[in-house]
Every structure is written in C-alpha cells, then in structure tokens.
Amino acid sequence: MKKKNILMLTLLASLSLPAAAQQDSTGISFADQVIEVGANKDFTRAQSTAAVSVITNRDVNKRSAKNIGNSILGQGNGLVSLQGTGTYFEQNPTFYVRGLQSLSTSTPLILVDGVERDLSFVSADEVDHVSILKDAAALALYGYKGANGAILIITKRGEYNSKNIRVTYDHLFNFQSNRPKFVDGATFASAMNEAMANEGAPARYSSEEIAAFQNGNYPYQYPNVNWVDETFRKSGATNKIGVEFSGGGERFRYYTTLNLLSDKGFIKNFSDNDGYSTQDKYVRGNLRTNLDIDLTPTTMLKVNMLGMLSEMSRPGSQADLWDMVYSVPSSAFPIRNENGEWGGTSTYSGELNPMAQSSGAAYYKIHERALYADMTLNQDLKYWIPGLSMTLRVGYDTYSTLYEDHSMTYVYGSYPVTGWQNGVPQLGEYWTSGTPGTMGKEAATDQWARRLIFAGGFNFERTFAEKHYIYGQLKYDYEYQNSTGATGYTIYRQNASFLAHYGYDNRYIGEVALMYSGSNRLAPGTKWNLGPTVSAAWVLSNESFLKGCSVVNFLKLRGSFGIINADYLPGDNVWDYYVQSYGANASYNYPFGSGYEANTGNAFGAQQRGRMAAVDPSNEKAYKYNIGIDATLFGGLNVEFDAYMQQRKDIWVSGAGAYSALIGFEAPYTNAGKVDSKGFEFSLDYTKTIGDLTFNLGGAFNYNKNEIKDQAEEPKAYDNLVETGNPLQSTYGLVAIGLFKDEADIANSPKQNFSTVRPGDIKYEDINNDGVIDANDKTKIGYSAYAPEIFYNFHVGAEYKGIGLNMMFQGVGNYTANLSAKGMYWPLLNSTSLSQQYYDGRWSPSNPDVNAEFPRLSTTSNANNYQTSTYWQRNRSFLKLRNVEVYYNLPDCLVQKTGFMKTAKVYLRGIDLFCLSHLDEADPECYGVSAPLNKSVVAGVQLSF
Amino acid sequence: MKLHHKLLSGVVMLSLAGVAFTACTDDIKFGSSFIEKAPGGTVTLDTVFNSAEYTRQFLVGLYVQQYYGLPYKNSTASPWSQSYWNTKLDALTDCYHQHFSGSNAYTMYYSNALTSNDRAIIAYNDDKVWETVHHCWLLIENIDRVPGLSDSEKKNMIAQAKCIMASRYFDLYSVYGGLPIVEHTYTGTEGDLSTRRATAEATANFMVKLLDEAIPDLLWAYNGTTIETDATNNTGRWTSAGAMALKAKILLFNASPLYNANQPYYDGSTDAERDSVVWHGDFKQERWQRALQACQDFMNANDANGNWYELNKATAATPDAYRQAYRMGYIYQGSREIIHSTRVAGATSNKASYQWNNFVGPTTTETGPGPFRHSYGPTQEYVDMFCWADGTPFDWEGDMTAGNINGEKGKLFFEYVKGRGGAVQRKASRDPRLYENAIVNGQSERLNWTSGVSEGNNYELWVGGYHEKYQVADADGKIVEQDTERFPSGYGTIKYYLGREYQGKYTQWVYLSYDEMLLMYAECLAQCDQLNEALKYVDEVRARVGMKGLKTSITKSKAAVKPNMDNKQDVIEEILRERACELGMSNNRYYDMIRYKHGEWMTKRLHGLLTYRLIQIGKNWEHNIRPYIGDDKNAGVAEPSRFEHSLFELQNRSRVLWDYSPDDLEVRKWFLFPLPLTEINKGYGLVQNPGW
C-alpha cells in the first residue's frame, strides 16, 4: 500500500477517481488499443514495446475537411502538422514525426492500410484511426522508408453479424481570414511621390493627378480599384456527403462507403460567361470497399479497394490571382476601360488584371484518378504445426492526373494621359495589347504514379506453459514504384525480415527485429543493409504489487533501440553518384576559324568529366533510442510519455568543402552528414462521467530539438557564417539595429554594401567586425521557418443528455517567420502594390522614427532593406482554436419512433475560428503571397439506420 | 483440407500472376538483380578514349575552358571572369573606370572591400583553371590508347593540351604568384592532397617546360591548304608561334620587378614572401636576358617562317586608314597580327542573349536603350597618353597654354576647318589609335566595315549632346556622372565594341598578338640596356599608325618636363605608355601596373572630360546645351566646331585607394589578389598572399 501511495502522490495526488471511463468512444480502453507496426500480428498497447500514438476514431473527423491529412491537423502526440495554403484543391498539410531530423529529408512515411500511399484524397469518413509511429521498434519493419517516422492510416472495416447504414452530410461556409488590405489610389500615388523623393527624384504624380485619384472624376485614367474586394467574394461553400454501409454475416464482413465532396471557391465574377463558370471548383468522389472474408475456418481473405475520381476547375491560364492582387496597385488601371476592353497599361500589363484573369480567361481543369487495391490472404497452418500461419499480400496502386486547358487570351488597353490642360487630363492615342483568343482545347496526361507491392511470409504464435507467449515472423516483401519525372529511375526495394516477440506472464516483454533491406537506389556493394532493433517493456500494472490498485489501472515502461537504414539519394535525386561519369556537353561548341560569321569551323560537342564518384559510398542511418511510459491512472487518465534521442549518420552531403580545388573536377557527395536530435512527448487524456455528464480533457506537448553535428561544411571565413552546430534549417540573416536617422548617421556607420543607403533604410550590425556590412555579416538569427520545435494541443469536451461540446486548441513555439511578401512587406512601388499596414507604419521624412515598423518607401527592389534580417523576422508562435463542435444526439426514443433510424445527430462546427499570434495582419501559417487560409462554419447531420 | 489447399494455391497463383502482369513491360527480377539501377547512357573514361572522334571533342572541350577576357554572361557560375557582374582587370587601372553600379568594381574594388572570402576577378578556384589542368592531363595520360589517331596527331594534340594548360597557369600566375604544380590527374582519392604553392620561379619554369615540350610538335601557323591545317577551320588552335609568344610573356612577367627585385613588394614579414611564392628573393639580370632570348627566338622563328605574323599595315596614309589597319589587326579573326585568340560560342548578337557588344552600346538605336553594363569609361589620364597625330607627346597643361585645347584653334580631337558657307572639314588630330580605344566627341558613329571610311553622325559628347545628354553633368553644369550609362567619363568604350555595325560578329579575345610581341621585345631590350635597339621596335609599332619615332617626337615636344630617351627608366615608362595605347582593354595595363609595382597608378586621382558646345552670340562664345542632330542639323546649321573642355575628378564612385600613399601596405597588398580563404582553410598547404 505504501508504494501505491507514493505513486499516487508523485502523479496527481489531489485527484481520486472511480475506475470507470477509461475507454474511448469506440469502447476500447487505452491498454487495449491496437498498435500496428507492420507485422502480421497486431498487438495491444499492453503487449507492445513500441512508441506509437493513436488518433482515435473519436478525433479523426472533426474538421469536415477535404481529406484525412487536413482532418487530423493539430491532432496527435509526436506529430507536427503544418497547414498548407493555396486553393482548396492544393491545400495539404506538411507533416513531421518528431520534427526535423536530417540534412537529407525529414518527410515521414505515410501509409494507408500498411502501404505507402498518398493520403491527399482519402476522406476522413473512411478512416478508423491514425497511428503515429515514432521509435525504432515501431519503424523497424518498414526498411529503408521508416527513418523519419511514419503516419499510418487505418480504414474502417465491418463487423460480424451486424448491419449499419450511416449517412453524413456537412455543409461548410468558408471565409478567408486575414485578407491583405492595400492602400487606395490617391494614397498609392502620394506614396510613390514620397518614394521618388526618398531617392532624390522628382515626383511622379502632380497634385492634380492625386486629386483625380481622390475624387474619381476620371475613373478610367485615375482609377481606384479595390482588387481584393472586386475579385473575391466574401465566402465560399463546401458540401460533403457520405454514405457508409458496414456490417457482416457469420463468415463475411464488409465496409463500403461512397463519399462525395464539392467545393466552390471565392471567385466573385464566375458567371460572366455563357456555358461555363470560372469559379475555383473541386469535386471528388470516393468509393471504398473493404472486405474480410473467412474463406474457410483457417483461411482469411482481406480486400481493400479505393477508387477515386476528382475534377478541379480554376480560372484560365492557371492564373495566380492572389499574386496579381499583391502586384497591382489600386491606381494601376480600371477593371475595364471606356471602350469596355479590360484595363491594362504599358506599365502594368493587363495580364495582371485579376478581374480579367478571373472572368475573361476561361478555365483550366485537372482531373485526378486513382485506384488503391490490395489483397491479403492469411492461411492458418495449425493442422501442420500448431501456431504456424502464412500470410501473402499483393497490392497495386495507380494514380494519374489529366489536364484540360481551356484558357483564353484577351485584349486589354487604355488611353494614356499625355498631360493636363486647364485642369483636364489630355488623352493620347489608345494603347492596346493582348490578343483576342478562343478557348483552348489542349488536354493531356500530366502526372502518373504506380506502385506494386508483394509480401509473403510465415508467422508463428503460441503460448507455452500459460506464461510464455511467443510470436515470430519471417517475411519477404518487395515494392516497385514508378512515377512521372523519374522515368527510367524506377525504385525497387525488397526486404527480408525477422521479428521475434516474447512476453512473460504479460509482464516482461522483449522484441527483436532484424531487417535486411535492399534498394536499387544504393551503390553496388551497399544495396543491402541490416537494420537490427531491440525493445522491451515492463507492464508494472500486471505485477502483483500493483494488481487491484485503484489508482494505477495500467502502467507500462518501454525502451527501444534500433538502427533504421535509409536509401536517400544525394543532391537533387542524383542516382549515379557512385559512377565516375563523362558527359557530352552540347553547349560546349568552340568556334575555330578565321571568318566572322562562321559558327562552323570545328564545332564539337565536347566531352567533360562529370562529378567525382563517391568514395566508399554508404547509406544514411538513424540510430534511434527511446524510453517511454504508457499508463492509465485513476480509472480515466491516460498518460503517454516518451523521451528520445536520435543520431543520424552517414547523411549524403556535398564533399566540396573537403576537396581541394586542385582535383580539377566536381567534388563527390560524401556520407559525412551527422545530425543529432532529441526531445520528448507528453500527452494526457482524462475522461470522467458523473451522472449524465461526461467530460473529457487532455492535451499533448512535444519538444523536438536537433543539432547539425557535421555536414562537411566548407571552411568559412568568419565564425558567424558557420552553420554546423546549429539546428537544421535555422534562419540565417543580418542583425538589424533600427533605421538610419539621417546622412550623418549613415556616414558614421560601417559601410553597407548592398545598395546605396539612404535615411530610413535598415541599419545592420557589423557582426564580423570588419567595418563593412555585407553577406559576411549573416549569422543565425532565428529558429527554423520550416518546422517548430514545440508543438502542442489540448482539448476539452463535455456531453450532457445528448448535448455535447468539444474544442481542440493547437499551438506551436520556437518557430520563426521571415516576412517578405511583395506589396505587403516588401513593396517596390514600380511593380507591386502597397499594403495599408506598411503605409501606416513606415519611416518617412515626416515621421523619421528610427524604430518605425517598416523602412522608407522605395520605388524598386531595395537590396539593402530586402535582406533576410531580424528586421523582418517575427516570432511565429501561435495558438489556434482548430475545431469547436456543438452537437445534439437526438433522444433514442424520438429516433426510434421513425421505425428505421437508429441514431441521429446534428452538429455545428467551427474550423480555425480563432488565432493568437504575434502577426497583426496575417496568419502565422500563411503570410506570403498566396490565397489566405479558410475559416469555416459547418452545419452537419449524421443519421444511421 | 484439400479444398483449403486448392483455394490457397489458387490465391497464390493469382497473386503471382498479378505480380507478373502489373509490372507491365519491365522484367521482374528477384534477388539482387532486382535492385540493379535501371540502365542509362553512362559515358565513362573508356567511352571517350576508345574513340578518335570523342578524343578530338575532348580536346575541343579544353579550348572551351580557356580564359576569355570580355565578360558577357549574366551568370555567376564558373568561369567567374566571364560574368558581367564581375569586372575587368582594366577597370582597376588608371585607364578605365567602371560605371556599372551592379558590378564588383563598385562593390568590392573601388570601395576597397574585397576580402579573401570573395572571388577575385580571375578566381583561383572559380575560373575553371584547375578543371582545365585536370582535363589536359587526362588527355595526355590517356591518348596513347586511342585507336585511329596517328602518332603525329597524338603528339600535336598533347602539345595543344600543354599550351592550354600553360596558358591557364599563366592566367593565375599573373595575378596570384606561385601556384601548386599539378603534374598528373588527381583521382580525388589520394587522401592527402598537401600540395604547397611552388615558388614563383618554379611556377614560371613549369609553364615554360610545358611550352618547350609542345613547341616542336605544333605548326607555326594554320596557313595550310588541308582541312586540318587551313585557317578557315583551325584559326584559334595553339601554334608553336603561340607557345613561343606565351613563353616570352611568362618570362617577361617572371623577370619583372614584382618578382625579380632585391626587395619584396610587401613588408617581407609574410610566409608567402619567405617561401618565395610572391617574390624570387633576389634580383637577377639573367631573368631579363632569358626573357629577351625568348623574344629573339620568336622573332627568328617568325623570320624563318616567312614572317607570317606581322603588323596589319594601312592602305593609305590617312587617319581613317590607320584606324582601320589597327582595328582589323585585332578584330579580324584571320588577322596575321594575332598570335593566339580565344573565343566563346554564342558571343555574338542574335545567337545568345548576352554578350559584350550589347552591353557596351545601345541595342536598337544609336542612343538607346541599352543595359550599358559595360560602362568602362576611358579616363582622361588614358586619353592623355595618346600623342598628337604626328607623334608629338600630348601634354594637357602645355597644350592648354598653347591654345591647342580650347579657343579658336582648339583641336583636342579634331581640327575643324571652316570652308565656304560654313561647311566644316574635320581632321583627326591625335594618334589614330585613340579613336579605336575611346569614343571621343566628334568622331563618327561608324568606320565603314569594309572601306574603313568614317560615316554616319558624329558622336555628340557635350553636355546636352545627342549621345551624351546629361550623363556627365546636368543642365546646370553640376557633375552627375551617371552610372550604368555609356559616356559617364565624357568618353565611351570602343575596343572590341566598334559600333552597332559589329553586332552579330564573333568577338574573339586577343590572347597574344604581334604588336604586343614587338613591345615585349622592346621592353626586354631596354631592360638589358639596349635602349636604341628597343626604340626601334617601339617605333615600328608607332609607324603603323603613321606616327614618327619616339625619340624624334619627344625632341619636338615643348613640354616643360620631358622623358629622356637615353635614360633606361624613362624609356621603359614610355614603352609602358605605348603599350597602354597599343594594347587597350587587354589586361596588359593591369599587368604592367603590378609588374612594375606602380602603386601610384592606383592612388592617382582620375578624371573625366566635361565638354561644352559653344555658339557665337554677338562677339561672345556661349554654352549651348542642345544636341546638333535633330532640329539644328535638319535646319542646316553648321556642324559644331568649337568646344570648351575642362576636367573633373571622377566621383561615381571614387576609389578608396585614392586617399592612400602609393607606399602604403594597404595599396601594395593589391599587387596580387587574395587566395580564397576557404581554400586555404582546407589545409592542403596554401599560404595567403601578403596583406590579405
């Protein structure tokens, strides 16, 4: 009893709770959660030695999102998910498992039902749960692909002797958050004059012209167009409908879903043309069938099939309308000029006219089609050898896109002002450009990918003397991957693997995995590598001293170590790094001869020696160490804690830093890269029911830190330029120390060599103390702008008599933003717009504040100011309300009166409604020139029959 | 049981059949052969050297990597010397001032901001030198096994490779000093590549050895009648004349005071000086004798070969004809004055988007537009080096006093003779080479390509003039000296540009030429105290453009201080001046500056010319800041013939070194460029040049 008391005090002493609600919504307790690690046998959490977190069915579909990737945004423990931007069709998050890990790539392996697959068109409806595979024990069986962790998506399956039909309908009202605000025409013109004055040049606009912008008397010559509001409407809409059939008989189970998605974007003038719309649209249909067939009492067949068709349509020429909005100032040209043609001038081309591009350029379509199919056969061989079974698997995926280009060109023009007379602008000859076009008809295959997998092996599972549980498997698998862009470079991999799992009395568990992997990406002699992993777990809660303890319901300690090999290619996908190549360079003509015009003479394509073949090539390896705890306490508090360490070795890097220039040809790639990373994850989830009230709260906190130990870095002239020793993808730049006050300030400061410096320009610190400010003064100024070091989320939920509320918040820390969006932060008035925020916060001769938020205005790109520096750096930490839901489960008595309905639920959701950050006018996840992120309000209903 | 087995085997067969079909046309392989890389068109060393044709192409590849001195590429890729973001060595001398603000002349050199972390103009490891050396050895080491090449062709190809290698060594030797000597290919797997820099002398000897080995196996000139030996197909290849001329140039450099002196150029405290990599450690007259011998050997061999190389002579004794002779001597690809030229493909208009001609001049009309990224404005100091047309030295102050510059008889560039009805006759008043090295006020836009006669409008380089507009000064007379314009110093670049009529022509870079050979010979003779003999060769060069001998001309001069042509130092300085006039834009002025440790050329303040067009109003002559071309010309106004000239100090941008004493170590460090620090830090034994 004493021990238990100590434990209780150490953990959460003040709570004493009944041992009731330790189950998730599907009724599976934390300890009984299925942990899939790629073996033919799935262990429960109580049995597993691996560090795996699960996003359960309760959480995978709360965002009414386009796909499962967007649906789990912010969720999970150990998963870093960063929102993608762009049009609806293109929005896909970036994932990292345990943050940045390597100089080569940190992209995790993404698996759908155990096969490496793209998740971008898997709907959240068809997903049962998502596992995050983190340590060596969890990743061992994925061979060369597992080094960066894995995200495993498991789709739904039917149940024996049941029948269920479920219909879900969601309607989303979408809004764009943080649309940029640009200054009006008159302000732009005076800002231009100010910029010209800053540069010692005469004003560009006369006071008459500025007045004309102001009063709008000559709207065609002196327009004032709010391009954002003219081009984009306030809201878009998405409709999602899903029908699921699941169930089974005695020897047969099925799950089938038909899922339809339709999104309409933000184009305001989409219906100006007869016969077609120029709206941003995306329509998708998924049809999935998962079958489990008991062919015989000992033969099981599992078939998964997903067919997908989608169609995307956007305004013609794939115009990037948001880019145009950031480029074209409100004073540039009118939407249409006097004669009805689109506006455009010789300065601002009419091809930048967002209105013309969004309604006058017809449309462009992309069709996607995909088939994911796999079949697994399991044959129990117990009649031959008790405990023995055999598994065979084959899968074939295909994916392709086609485009249809129906774009159309258009004519634009304007009457230029040649001068003013008597207060009236004088118009010159009509200027026009562009060609009148007809709609294009081109269509072709764009991208394709295909994959074949095959696996087969024997499994052995038995318990001896009631206490000795043994599972072992021997497996061979291979895969074939072929896609556009890599023609002739098909990837082949194969693995022979051995896994042995031993459990003693459900208390002491040990596991060994040996993975012998081969890949055609590696150099001859290095193609095959052995990756061993060992792991162990101790289930304390099954020890007699904790048996029956009401505080500790489940407690397990785990540890693992393993070497995970990787077959990443060096450089930009360089396959022949181990071959000393010689190549003909066709551009290497030499014009011998005595004549002027002759390009004849002896012109040859010359032969040149290519990059040096890598010396003693090897492959990247991850040494992964992990210790962790899984526990359920007080009957409802699920705890996961993991601390990890990883050493990446033999990462491919350029060897140029180590080779003398004297060798006379390009230095080879070398396996010299080393990166260490470490961190921890901690998650809590507590559920309790008191009478009719059930509430749930929890969260996860992840900290991932890394350090480049070696990257064969070229010797650097100054210490501040050295990147080795810093975290991966840190931000490097200059350190700004305010703005220049006046010419005297400039004269008294070290010389800045980027461009001629004027008052109001950014002043930098002389980091290397050489008296000059140049690229040699760059240093590490911030965290990575690619992945945060801290990622956390927390959720609360409660349900009372069928009415429920839940909310999920997510935040990041140690994350850097480097502002550079044109027009917004880096206006160069000759070619971009000017944001209100910049205008209001700028340094100007009348507001010579050396600490102004933005430097002086410039007409062209200001090489001095537009350097990456602390001036443009912002703390990118944020906290977002990812999703909030209010729902009502109609009372059973009411629903069942219908006679055919089983349950009915109505709900309202809010997606990404709220954000706390350090950026005033932009979203911390989207501050560049791109479509703003969406906020959505969802109304939904779910009925089951 | 049986049923199970049937089912099982059926499914297995199905799976395997699936495997076989789904992989389509590719063979399915198991085991290790499964993971072979898909076959690709990999070329290996054997592919190259098993074919005579590929081997010949390989040699062409070596030619491609030669130094080409006209930056023409919008690229920062290697070779760095070909990028217009870099600058030319000439822009660091007193002859030219670069006015393109995007160039390194601005950001690194004039601002004295270059460090060992930056790429110098000819970059130690970014100019393809070591790549070329490697590929030359690769050819030499492998050519024995090439089938289908005769022994003589093999020898000839080896000799060409050795010349290329020597020339690339010289390109670095002339701006860095002693270099590591690479005598074979590296595989990269040597492990220890600790190759130290050889002494300057050993580096020179290494180059000379390569050339000596090559000379017997080369043709004197490509003047034969077969496709292998004719000029049409082969001009540009290395010849024994080229090898001998390069040898002379190397030995001349080796004998020059930079290396050959009793005192090092820096303070003597640095490793580079102690190791004799930037200084021989002593002065030896024999070094000059050796250089002289190399020049004599060249002359004798040329004599023995029917004097194939010669100065391009004028067809008439007119200024235009002299210009044409000088121009065709260096620009004509078949010129017999050129001993070795280097070329780049695509260096002509319409065949590549960026090239020399387009960046010097305007691209569509005579006044614009143009990016003007080669704004190498000739300086007043350079223009003053050119004598009067008869050979008499020019002297700004003396000639100003004498009324030769301003006033009624002013004839700075042209003598204007008014005829009946106001018609004006012009006669070039200066050394004809001036008009081929700087565009001056009043010279014609074109010298006819074939006839060699001046034609077209005159360049109007006065304030407000048609061509110059307000590039030098604004309408109020304030000096503005606009950058990235064509005439910021009051003069324009013409060498290798010629005019818009040259657009579309292949522009070669003259690597070695006969006039340079004559002047090198003269310099060696002077250094060996044979002054009169030396002047003979200088005068030969002057005579080609119709100028009298140096001694005679100087005697005629009325200048207060005159060089003494019986004094060795004075003769040598005059030879250097003559070299500047004859060999403009050829790097030679830069080489002369460092060879003779002329720090005063770096610290001397440089000037431009401010010109005003004058018109007579009543009795007074007043400034007229209007162009002539256009309204005035159309109205039949007489051609402007009277101008007012004055000098201004170049200020955009001024050079930081102008504030230094020529003896300051901050100036003297510039005699050699810094080696890249990153390369030194790799620790294979490079020592840094003094002062960097």
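Start in chain A and select strand E3 (residues 52–55) together with E8(A): 4 bridges join these two antiparallel strands. Strands here are DSSP runs of E with at least two residues, numbered from the N terminus, and two of them pair if DSSP finds at least two bridges between them. Before you go on, note that this is a predicted model, where local features need pLDDT of at least 70, side-chain atom pairs count only at pLDDT 80 or more, and totals for chains, interfaces and linings use all residues. Residues are numbered from 1 along each chain as its sequence is written, chains are lettered from A and ligands numbered from 1 in the order in which they are written, and side-chain values use heavy atoms, with hydrogens and water left out.

Now pick A:Ile55 and look across to A:Val130 in E8(A), which stands opposite.

Next, hop to chain B for an open sheet of 3 strands, ordered E10-E9-E11 with antiparallel pairing. Its edges are E10 (620–623) and E11 (643–649) of chain B, each pairing on one side only. On average, neighbouring strands of this sheet are turned by 35 degrees against each other, direction ignored; the axes are lines fitted to C-alpha atoms (for helices, over the stretch in contact), and angles run from 0 to 180 degrees between N-to-C directions.

Last stop: strand E9 (residues 607–617) of chain B, which meets E11(B) in antiparallel fashion over 7 bridges. Select B:Leu610 there, and B:Ser646 in E11(B) stands opposite.
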